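Hello,

Here is the structure I promised to pass on. Please load it first, then read the notes below it.

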2 protein chains.
Amino acid sequence: MTLRNLQYIKHTLAGHGLKVTHQRMVIYQVLQDTDTHPAAEGIYEKIKKIIPSISLGTIYKTLEVFVEKGLIKRINTSEGNMRYDARMDNHNHIYCTNTKEIIDFKDEELEMLIRDFLKRKKIGNFNLKEFRLHISGEKIDPGKHIEIT
Amino acid sequence: MTLRNLQYIKHTLAGHGLKVTHQRMVIYQVLQDTDTHPAAEGIYEKIKKIIPSISLGTIYKTLEVFVEKGLIKRINTSEGNMRYDARMDNHNHIYCTNTKEIIDFKDEELEMLIRDFLKRKKIGNFNLKEFRLHISGEKIDPGKHIEIT
DNA sequence: TCTTCGTTGATAATAATTATTATTTAATTT
DNA sequence: AAATTAAATAATAATTATTATCAACGAAGA
């Protein structure tokens with residue numbers, strides 16, 4: 001965690017009306033450095049290595065506050081637990097039903113395609129916030145990565 | 001529940017390798033007649049009106065079995081509970097973040113658009129099963145319906 | 001009808017999350 | 001810089017959602 005990052009994180013938290021605490025800084029930093037969309041428990045394990053005294057309740061509370069303030073997003077899953085995403089730009093998700101991985105997938109063309117479609121297709125009495133394509137299936141070799149070309 | 005439907009449901013359950021029981025028939029029928037994507041608790045309330053002796057555990061077990069056999073689908077949500085969808089054709093979902101409603105939205109053009117895109121965009125080491133567009137936002141008047149035109 | 005085996009209902013157990021509260025910490029005031 | 005205030009944290013209890021267990025029951029075939 002560089003000094004530059006530290007300042008940036010402080011600024012981000014404060015800018016969202018949050019009191020800057022060590023716990024929040026570390027949690028936010030760890031989320032920023034993760035693209036695996038972890039659950040609370042997984043985040044807890046990572047943070048414990050940095051702040052051994054952290055409480056699981058603090059993780060939950062902090063995640064809730066971050067979601068509320070628009071710093072991170074909750075991810076839609078059909079599993080029994082919640083997962084989080086610190087990436088706030090529009091992007092899609094690929095779900096692997098056996099490894100439970102959620103892989104980011106950004107594509108400008110797809111985004112334009114859908115955005116354009118939705119512009120034509122009017123949804124009345126509804127204030128559209130965002131859209132995301134959920135692609136689901138199974139990795140063929142669970143040990144290897146998915147490759148998008 | 002007409003006699004015709006009864007026969008159809010029996011056939012559907014048996015056709016998926018399930019023993020035909022009164023509970024399963026009623027649960028499947030109710031799911032078929034619902035497009036609100038209810039949670040287990042909501043389904044339980046509906047079924048209790050028809051089979052007062054039903055147990056919540058039976059609802060959960062039955063839903064699990066139905067999902068496993070491909071009769072219904074679990075829906076991805078960012079809430080703390082699971083929701084179910086008996087509609088098995090490809091369609092998309094509109095999420096209202098304040099009423100927690102999930103509204104079906106089917107559009108052939110959109111489907112073609114995405115299907116065509118995915119055909120060009122190859123995802124390696126991945127066996128694609130399905131895709132769905134998740135649209136989220138808020139109803140402007142929560143008392144009224146969303147209108148897609 | 002009898003038998004078999006899966007299903008159901010009742011309930012206990014577990015997992016995930018939220019709530020509570022005393023203590024600690026950051027920010028504010030003096 | 002010390003004192004004050006208000007909010008955040010840690011520890012833990014409580015709640016919610018879901019899954020597991022098991023005796024009794026019911027469906028389907030012999």
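**Strands and sheet pairing**

In chain A, A:I94 stands opposite A:I135, a residue of strand 6. The pairing behind this is parallel: strand 3 (residues 92-96) of chain A is joined to strand 6 of chain A by four bridges. One caution before you go on: this is a predicted model.

Strand 6 of chain A also reaches across to the other chain. It pairs with strand 6 (residues 126-139) of chain B. That pairing is antiparallel and runs over 13 bridges. As one landmark, look for A:K139, which stands opposite B:F126 in strand 6 of chain B.

Is strand 6 of chain A mostly covered or mostly open? Mostly covered: in this strand (residues 126-139), 10 of 14 residues are buried.

**Aromatic pairs**

Searching the whole structure gives four aromatic pairs over all chains. Two of them are described here.

Start with A:Y28 and A:F66. Their ring centres are 5.8 Å apart and their planes stand at 90°, so this pair is edge-to-face. The cut-off for that class is an angle over 60 degrees. A:Y28 sits in helix 2 (residues 22-32) of chain A, and A:F66 in helix 4 (residues 56-68) of chain A. The pair therefore ties together parts that are 38 residues apart in sequence. Both partners can be checked for burial. A:Y28 has a relative accessible area of 5%, so this residue is buried. A:F66 is at 0% relative accessibility and counts as buried too.

Now the second pair, A:F117 and B:F105. The ring centres are 6.4 Å apart and the planes are at 35°, so the pair is tilted. This pair crosses between chains. A:F117 belongs to helix 5 of chain A, and B:F105 to strand 4 (residues 102-105) of chain B. A:F117 is buried, at 1% relative accessible area. B:F105 is buried as well, at 2% relative accessibility.

**Helix 2 of chain A**

How many of the 11 residues in helix 2 of chain A are buried? Eight, so the cover follows from the count: the helix is mostly covered. Besides A:Y28, the buried residues include A:R24, A:M25, A:V26 and A:I27. A:Q29, A:V30 and A:L31 are also on that list.

**A buried histidine in chain B**

B:H93 lies in strand 3 (residues 92-96) of chain B. Is B:H93 buried or exposed? Buried, at 1% relative accessibility.

- B:D85: a side-chain to side-chain polar contact with B:H93, at 3.1 Å.
- B:D104: a polar contact of 3.1 Å between its side chain and that of B:H93.

**Cavities**

Over the whole structure, the search finds three cavities of 30 Å³ or more. The volume of the largest cavity is about 50 Å³.

Which residues line the largest cavity? They are A:N90, A:H91, A:N92, A:L110, A:E111, A:I114 and A:F131. Helix 5 (residues 108-120) of chain A gives the largest share of this lining, with three residues. By class, the lining of the largest cavity splits into three nonpolar residues, three polar and one charged.

Best regards

Note on methods:
Residues are numbered from 1 along each chain as its sequence is written. Chains are lettered from A and ligands numbered from 1 in the order in which they are written. This is a predicted model: local features need pLDDT of at least 70, side-chain atom pairs count only at pLDDT 80 or more; totals for chains, interfaces and linings use all residues. Side-chain values use heavy atoms; hydrogens and water are left out. On a 1 Å grid over the protein atoms alone, a cavity is a set of points where a 1.4 Å probe fits but cannot get out, and a pocket is an open set with protein on both sides within 12 Å along at least five of seven lines; lining residues have an atom within 4 Å of a point. Grid points are joined across faces, edges and corners, and a volume is the space filled by probe spheres set on the points. Helices (H or I, at least four residues) and strands (E, at least two) are DSSP runs, numbered from the N terminus. Ala, Val, Leu, Ile, Met, Phe, Trp, Tyr, Cys and Pro count as nonpolar, Asp, Glu, Lys and Arg as charged, and the others, Gly among them, as polar. Rings of Phe, Tyr and Trp (its six-membered ring) pair if their centres lie within 6.5 Å; planes under 30 degrees apart count as stacked, over 60 as edge-to-face and the rest as tilted. Buried means under 20% relative accessible area, exposed over 50%, partly exposed in between (1.4 Å probe, protein chains only). Two strands pair if DSSP finds at least two bridges between them. A polar contact is a pair of N or O atoms within 3.5 Å; within protein, one must be able to donate a hydrogen and the other to accept it, and residues adjacent in sequence count only if both atoms are side-chain atoms.
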